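Hi,

Here is the structure for your helix-packing work. My notes follow below.

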Amino acid sequence: MSSDKPSGAQAMFGDFAPQLVHLTDDVLFGEVWPDQALSRRDRSLVTVAALVALYRGNELPFHLKTAMDNGLSAEELKQAITHLAFYAGWPNAMTAMTELKKIVEAGS
């Protein structure tokens with residue numbers, strides 16, 4: 001992944017953790033995400049579901065925004081999060097819905 005602007009991983013870890021930067025930029029976002037076996041929209045839905053289920057609040061805002069950029073509507077994300085409440089737990093869903101609400105309101 002090359003660009004004039006450093007990636008998020010590069011900005012966070014730079015030379016401190018170059019292997020993690022490489023795996024993030026070149027493997028995850030350079031190979032896995034672009035693989036056309038799943039659409040970016042589907043990858044986003046799967047990623048959001050995993051982050052909600054695992055209560056990964058740090059990564060959730062980025063991936064909720066990315067999901068919307070990849071074609072998921074706010075309504076679809078609300079429905080997915082509500083569905084996940086029954087399988088991943090109410091606190092997880094409430095936290096995710098709070099983050100989605102912030103994103104939607106900020107975009108209005």
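Helix 4 (residues 60–69) packs on helix 5 (residues 74–88) at about 130 degrees, with the axes 9 Å apart. Helices here are DSSP runs (H or I, at least four residues), numbered from the N terminus. Axes are lines fitted to C-alpha atoms over the stretch in contact, and angles run from 0 to 180 degrees between N-to-C directions. That makes helix 4 oblique to helix 5. The cut-offs: under 35 degrees is roughly parallel, over 145 roughly antiparallel, 65 to 115 roughly perpendicular, and the rest oblique.

This is a predicted model: local features need pLDDT of at least 70, side-chain atom pairs count only at pLDDT 80 or more, and totals for chains, interfaces and linings use all residues. Residues are numbered from 1 along each chain as its sequence is written, and side-chain values use heavy atoms, leaving out hydrogens and water.

Back to helix 4 and helix 5. Leu64, Ala67 and Met68 of helix 4 meet Ala74, Leu77 and Ile81 of helix 5. Contact means heavy atoms within 4.5 Å.

Next, helix 3 (residues 40–53). Helix 3 packs on helix 5 at about 40 degrees, with the axes 10 Å apart. The two are therefore oblique to each other. On the helix 3 side, the contact uses Arg41, Leu45, Val48, Ala49, Val52 and Ala53. Helix 5 supplies Glu76, Leu77, Ala80, Ile81, Leu84 and Ala88.

Best wishes
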